[in-house]
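Dear colleague,

I am passing on to you the structure below, together with the sequence that belongs to it. Please look it over first, and then read on for what was found.

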Amino acid sequence: MRDVLDDLVGWWQAGETVGVGTVVATWRSAPRPAGASMLVGPDGTAVGSVSGGCVEGAVYEEARDAVDTGEPALRRYGVSDDDAFAVGLTCGGILDVFVEPVSRESFPELGEVKESVDRHEPVAVATCVEGPADRVGRRMVLWPDRVSGTFGLQRLDDAVAADARGMLAAGRTGMLHMGHDGERRGDDLALFVNAFAPRARMVVFGAIDFAAAVARLGVFLGYRVTVCDARPVFATPKRFPDADEVVVDWPHRYLQAEADAGRLDERTVLCVLTHDPKFDVPLLELALRLPVAYIGAMGSRRTHSERLARLTEAGMTHDELRRLASPIGLDLGARTPEETAVSIAAEIIAGRWGGSGERLAGTDGPIHRPVDG
């Protein structure tokens, strides 16, 4: 939804009604994750994708019907791998797509949602996608400190608000199942929670030429990228134009301040490119004890061995040191800063989704791994 939000809000502000199809659940090797959306504008324009092309035509027609009838609908696409091509989902996965008409009347909070997303403020939209006819299509918008909308029953509203805020805090988009009156063990209602959490962070330590390439690729992958170095002559916005911010500070001191301020989470990735003991040892001693997603450090095999020895002398345990990806990146034979950045990004992606890093041509089984939620 984030990818199509600008177009959706533009039509919404003009008073138009837009057909919106959103992936709300996936199974097996589905090509797009929950939250992926496609719009059908008032002029018939299609924006976005729910399947990478497999079932876009079917969703397009469903979205047009939703605009014409004013009725939302939940549709499932996909069967077994052997028969998938017959229904259009060539990858063999299964998608549940919720199709609905969106207008100022049906979604009055959309403008506020867009403002929050633009300000990097956390906001979640919970929509009933399956249940009694009087509940389907109803939605609730949740911020950390307020709520707008209702599902028609206070007990249900309270239960959804509590669980959806938990998902928002974790940056997780997915389904909630509840009883008619908000019972958490019930399944009368299926509610899709689209969490617009602030972008995950990538912090790159070391203002070197490799850092510029890593920052560029980090932004491309959707991270909010910070470059940090203690040397002001090197750590300048001009040298790192793609980074969201460039900070002049001792790396370990900056990381500690960010951790203390609560600006790091389990999605954060840290790329230590300093390969200088006076910078990276105190930095890694702190980083390896933080609940972040990835910690990689650049250097040769010799540098890596010397670094491990220093960290062991500093009291780091074997389990803590196992979290360190060093030398950083996958073995792609990279030489240039740009190629090295690709190898680092590939390792981060593989860690995030459980990939092996092997060539797909030499593996069996689904290409797309299951996504939680």
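In the charge count that follows, Lys and Arg are taken as positive and Asp and Glu as negative, while His and the chain ends are left out. Counted in this way, the protein has 40 positive and 56 negative side chains, and the centres of the two sets lie 6 Å apart. Please bear in mind that this is a predicted model.

As to the overall build, the protein contains 11 helices and 16 strands, and its C-alpha trace spans about 65 × 50 × 45 Å along the principal axes. A compact globule of 373 residues would have a radius of gyration near 21 Å, and the 23 Å found for the protein agrees with that. Of the 373 residues, 47% count as buried, and the accessible surface comes to about 18000 Å², with 50% of that area belonging to carbon and sulfur atoms. Among the contacts between residues at least 6 apart in sequence, 57% join residues that are at least 24 apart.

The charged side chains form 22 salt bridges in the structure. One of these joins arginine 199 to aspartate 244, with 3.1 Å between the closest N and O atoms. Because arginine 199 lies in the loop between β10 and β11, and aspartate 244 in the loop between β12 and β13, this pair ties together parts that are 45 residues apart in sequence. Arginine 199 is partly exposed, at 26% relative accessibility, and aspartate 244 is also partly exposed, at 38%.

A further salt bridge is formed by glutamate 245 and arginine 201, whose closest N and O atoms are 3.5 Å apart. This pair, too, links distant parts of the chain, since glutamate 245 sits in strand β13 and arginine 201 in strand β11, 44 residues apart. Glutamate 245 counts as partly exposed at 24% relative accessibility, whereas arginine 201, with a relative accessible area of 6%, is buried. Both residues belong to a network of salt bridges that links Arg201, Arg224, Glu245, Glu258 and Arg263.

With kind regards

Methods:
Residues numbered from 1 in each chain as written. Predicted model: local features only at pLDDT ≥ 70, side-chain atom pairs only at ≥ 80, totals over all residues. Heavy atoms only, no water. Helix = DSSP H or I, 4+ residues; strand = E, 2+ residues; numbered from the N terminus. Rg over C-alpha atoms; globule rule 2.2 N^0.38 Å. Buried < 20%, exposed > 50% of the residue type's maximum accessible area, 1.4 Å probe, protein only. Contact = heavy atoms within 4.5 Å. Areas by Shrake-Rupley, 256 points an atom, 1.4 Å probe, with all protein chains shown as cover. Charge placed at Lys NZ, Arg CZ, Asp CG, Glu CD. Salt bridge = Lys/Arg side-chain N within 4 Å of Asp/Glu carboxyl O.
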